[in-house]
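Student: I would like to learn how to read a protein model carefully, feature by feature. Could we go through one together?

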Amino acid sequence: MTLVSALYAGIEAGGTKFNCVVGTDPFTILARERFATTTPSETLGRVKDFFLSQASEHGEFAGIGIGCFGPLDLNPGSNTYGYITATPKPHWSQTDIAGFFSSALDVPVSFDTDVNCAALGEYHCGAARGRPNFVYVTVGTGIGAGVFVDGKPLNGIAHTEFGHILVPRDPGDTFKGHCPFHTDCLSALACGPAIEARWGCKGHELPENHEAWDLQAHYLAIMCVNITLSYSPEIIILGGGVMDQAHLFPKIRRRFVELMNGYMIPDINPSDYIVPTGLQGASGEVGAMVMAVGG
Ligand code: ADP
Ligand code: ZN
């Protein structure tokens, strides 16, 4: 057994996999492991066993940070605080995530959405460093945004669901949409599976000069306009699988400037304002460890 001064656990809990890390701070990771998201009893059981074996090797945990797919109950006064609520992910609705790890490891749990968690990582040591008012968006299986005000996520009655804002549909766009709730929300029109359903192949298979990307940039530029007008952030960070298409950034910035049409913030340089993540795939892991250490 190698005892360390204080041991922390982090989980990036996604609909596909749970990424688990153990370390003494966000930059000193002693172990990491991934577990497929199957059923709650199976996945949570495996994660628990992993952490308990790490504790027997390194000593007791002082805290755990969890960034989780949602929707979540984040109201501390609620009986179901720390639960995944009504999720379309089979088996996972009404699952008590925070309570499970609080009892399993007997530690304080810091719990938030996967998006807010990744945003926190970006704030701590990524593209939002030194900019406490920012918005981080992931464009992947869904679209989600973490809105940070004074360095803290904006969680009011619930976490924000910016991916479901209603957007004006492009007049030539007859795609039926890919959201079970809305035909014309941002996710319906522009998430990764929407690209696949609209064009008949996965996003990464489409060539850079395909018309798909102009339409994609148009919808994401509308999103950036609405974020800018709603929150006036210092920076907008775009992450998630779809944003691996780096050529989207200049297209989005150009369309953003056109749609703003000279209104507001004349001095911003779009290249410094709409940016990729600073931590690439590690934002969630770093964010979960920051949450764990910060309690
Ligand atoms: P998740 O949303 O599960 O966290 P991702 O952020 O990787 O995972 O998002 C997955 C979605 O992004 C899928 O719809 C996938 O087709 C799309 N995607 C992943 N990589 C790329 C890429 N390089 N180009 C375009 N789309 C991509
Ligand atoms: Zn929707």
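Tutor: Let us begin with one side chain: a polar atom of the side chain of S283 lies 3.3 Å from the backbone oxygen of Q280. A polar contact is a pair of N or O atoms within 3.5 Å, where within protein one must be able to donate a hydrogen and the other to accept it, and residues adjacent in sequence count only if both atoms are side-chain atoms. This is a predicted model, in which local features need pLDDT of at least 70 and side-chain atom pairs count only at pLDDT 80 or more, while totals for chains, interfaces and linings use all residues. Residues are numbered from 1 along each chain as its sequence is written, and side-chain values use heavy atoms, with hydrogens and water left out.

Student: Which side chain is joined to that of S283 by a polar contact of 2.9 Å?

Tutor: That partner is the side chain of E122. S283 itself belongs to helix 9 (residues 283-294), where helices (H or I, at least four residues) and strands (E, at least two) are DSSP runs, numbered from the N terminus.

Student: Is S283 buried or exposed?

Tutor: Buried means under 20% relative accessible area, exposed over 50%, and partly exposed in between (1.4 Å probe, protein chains only). S283 counts as buried because its relative accessibility is 3%. By contrast, K176, in the loop between strand 10 (152-153) and helix 4 (186-190), is exposed, with a relative accessible area of 66%.

Student: How should I read a helix, and which residues of helix 1 are buried?

Tutor: An α-helix has 3.6 residues a turn, so residues three or four places apart point the same way. In helix 1 (residues 40-58), the buried residues are P40, T43, L44, V47, F50, F51, Q54, A55 and H58. They lie on the same side of helix 1 because they cover an arc of only 140° around the axis, the arc being that of the directions from the helix axis to the C-beta atoms.

Student: At what angle do helix 1 and helix 2 pack?

Tutor: Two packed helices are described by the angle between their axes and the distance between the axes. For helix 1 and helix 2 the angle is about 35° and the axes are 11 Å apart; axes are lines fitted to C-alpha atoms, for helices over the stretch in contact, and angles run from 0 to 180 degrees between N-to-C directions.

Terms used:
Chains are lettered from A and ligands numbered from 1 in the order in which they are written. The expected span of a helix is 1.5 Å times one less than its number of residues.
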